[in-house]
Amino acid sequence: MGAQKDSRMRRQNDPAVLILTSLAGGPKHGYALAQDIASFASVTLSPGTLYGAITRLEEGGLIAPQPEVDRRRPYRLTPKGTAALADIVSEMARLADIGSRRLGSVNVRPA
Amino acid sequence: MSSRERRQRLLRRWYPASWRERYGDDLLDYLDDAYPTSRLPLRALVSLVRSGTWERCRANGLVGEATKPEQRVRVGALGVLGAWTIIVVAGSFFAKYSEHWDASTPAARRAIPSMAMSTLQVSAFAGVILCAAAGLLSSRSLWRWSRSTGVRHAMRLVRPALVALVVATTTSAVVIDVAHHLSATQRNGALTWYQVVGVAWSLTLALCLAVAYVTVARVAMRLEYSHRELAVLSRLARGVAASIGVIVASFLVWWIAMARSAPSFFSTAVGGVANTSVPLPMIVTAVVMLVGLLVALWGVYRSRSLGAVS
């Protein structure tokens, strides 16, 4: 997954972004990922969506599998995945900042 | 059957083997964790079917960049051939529908529809030549494949197309023989049973064509092409797609010209309704042709990627 494709992951509820964000907290297997994402984003990823995104992220070298633990295979962020997530987060922060400032200027404007 | 086995069967049905090999156990473990006792809810089932179908399309080179450029060229060229099959069905119907159009068109107004019809026929001929050239190009690979796989196995794979050819030839011979014993009036709507036979024959030919296409596609996916052969195949696919574009454009020009020059033709033709130049048969033909054109454009898009091969 090159830079061009990474740039498509911009929405905060994009499954790939949610998975990268979850793995930033440490390696997790599929079910733990889904549970974590549900807890911090209130988004329930369906099994097809979750594993479709895992497939794409692993093919792009953004995440990598680890040795099995209790028959479950955890995934971890790769350095490329960490860089991609940092890029996405800073882009989101920039947009959030612009949005906040504009909302602020709307709120102070006299009616 | 245990729920694990049921789920394994579900994955086998929808996901490609290569994907199952890599992620199958992971996904089954996930499903066991997420839905330990109950059957899979509809949402999960739909999600697996959708995702599995997508992965299958990706594995076959129909979408995405997961397969090698060579595979995408092959799939794209087969897509264009599929589009050509669609155009042949729609075009054959149009050829029958537009029969004797010139008889109901004033001589002074025949120039544009006549030019459109001639362009359509020349493009159709060009398309046939290009498809035949693609077949000729594949003959060496076909020979190599039939030798390596064994003639018996090759024949088993090709058999549906041969059966379709025999069925199409036999039914056509019978219908043509029957038609020769009927008058022009009887052939053109006076006999209800002959009309029913005509529709059944058309559907049989369309089915035979579909079977032949699927067989060609299954065989072509097994052939080994050189880089040079694939490059030529890609250019031939572009040529066929261009001829499809010209056919669709000519068809539309003919329709518009006839609607302006001889609108009564559409009232008297098969399925015609008084005072309309937009009868149902023409709408259906146009939609099928446009679908064919879209499939051809997709095929050209898929087969463009050979440039990435060194």
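Please keep in mind that the model is predicted. Chain B is built from eleven helices and zero strands, and buried residues account for 26% of its 310 residues. Where chain B meets chain A, 17 residues come from chain B and 14 residues from chain A.

**Chain B overall**

- Reading from the N terminus, the elements of chain B follow the order α-α-α-α-α-α-α-α-α-α-α.
- The C-alpha trace of chain B extends about 75 × 50 × 40 Å along its principal axes.
- Of the contacts in chain B between residues at least 6 apart in sequence, 81% link residues at least 24 apart.
- The domain assignment divides chain B into domain 1 (3–59) and domain 2 (71–152 + 213–308).
- The centres of domain 1 of chain B and domain 2 of chain B, taken over C-alpha atoms, lie 38 Å apart.

**Where the chains meet**

- The contact between the chains draws 17 residues from chain B and 14 residues from chain A.
- On the side of chain B that touches chain A, helix 2 (17–34) and helix 3 (42–59) of chain B are the elements that give two or more residues.
- That side of chain B holds nine nonpolar, three polar and five charged residues.

**The nonpolar cores**

- The largest nonpolar core has 42 residues, and B:Val80, B:Val240 and B:Ile244 touch the most other members.
- At least two residues of this core come from each of helix 4 (69–97), helix 5 (111–149), helix 9 (227–261), helix 10 (264–268) and helix 11 (280–302) of chain B.
- Helix 9 of chain B contributes the most to this core, with 14 residues.
- Setting aside residues up to four places away in sequence, B:Val240 touches B:Val80, B:Trp84, B:Gly127, B:Leu130 and B:Cys131.
- There is also a second, separate core of 30 residues, which includes A:Ile37, A:Ala53, A:Leu57 and A:Leu62.

- Helix 2 (residues 15–23) of chain A is mostly covered, with eight of its nine residues buried.
- Those buried residues are A:Pro15, A:Ala16, A:Val17, A:Leu18, A:Ile19, A:Leu20, A:Ser22 and A:Leu23.
- The axes of helix 2 of chain A and helix 3 (residues 30–41) of chain A come within 10 Å and cross at roughly 100°, so helix 2 of chain A is roughly perpendicular to helix 3 of chain A.
- In this pairing, A:Leu18, A:Ile19 and A:Ser22 of helix 2 of chain A meet A:Leu33, A:Asp36, A:Ile37 and A:Ala41 of helix 3 of chain A.
- By class, the residues of this contact are five nonpolar, one polar and one charged.

**Helix 5 and helix 6 of chain B**

- The axes of helix 5 of chain B and helix 6 (residues 151–180) of chain B come within 6 Å and cross at roughly 120°, so helix 5 of chain B is oblique to helix 6 of chain B.
- Helix 5 of chain B brings B:Trp145, B:Ser146 and B:Thr149 to the contact, while helix 6 of chain B brings B:Val151, B:His153 and B:Ala154.
- This contact between helix 5 and helix 6 of chain B has three nonpolar, three polar and no charged residues.

- As background, most residues other than glycine have a negative phi.
- A:Ser42, a residue other than glycine, has a positive phi near 55°.
- A:Ser42 sits in the loop between helix 3 and helix 4 (47–59) of chain A, and A:Ser42 is exposed, with 8 other C-beta atoms within 10 Å.
- B:His100 is not a glycine either, and its phi is positive at about 60°.
- B:His100 belongs to the loop between helix 4 and helix 5 of chain B, and B:His100 counts as exposed because it has 12 C-beta neighbours inside 10 Å.

**B:Met289 and its surroundings**

- B:Met289 lies in helix 11 of chain B and is buried, with 24 other C-beta atoms within 10 Å.
- Apart from neighbours within four places in sequence, B:Met289 is in contact with B:Ile87, B:Ala90, B:Val248 and B:Phe251.
- B:Met289 and B:Met115 are 174 residues apart along the chain, and their C-alpha atoms are separated by 19 Å.

Methods: Residues are numbered from 1 along each chain as its sequence is written. Chains are lettered from A and ligands numbered from 1 in the order in which they are written. This is a predicted model: local features need pLDDT of at least 70, side-chain atom pairs count only at pLDDT 80 or more; totals for chains, interfaces and linings use all residues. A residue is buried if 20 or more other C-beta atoms lie within 10 Å of its own, exposed if 12 or fewer, and partly exposed in between; C-beta atoms are placed from the backbone. Helices (H or I, at least four residues) and strands (E, at least two) are DSSP runs, numbered from the N terminus. Two residues are in contact if their C-beta atoms, placed from the backbone, lie within 7 Å. Ala, Val, Leu, Ile, Met, Phe, Trp, Tyr, Cys and Pro count as nonpolar, Asp, Glu, Lys and Arg as charged, and the others, Gly among them, as polar. Domain bounds come from an automatic or database domain assignment. A nonpolar core is a set of buried Ala, Val, Leu, Ile, Met, Phe, Trp, Tyr and Cys residues joined through C-beta atoms within 7 Å. Axes are lines fitted to C-alpha atoms, for helices over the stretch in contact, and angles run from 0 to 180 degrees between N-to-C directions. Angles under 35 degrees count as roughly parallel, over 145 as roughly antiparallel, 65 to 115 as roughly perpendicular and the rest as oblique.
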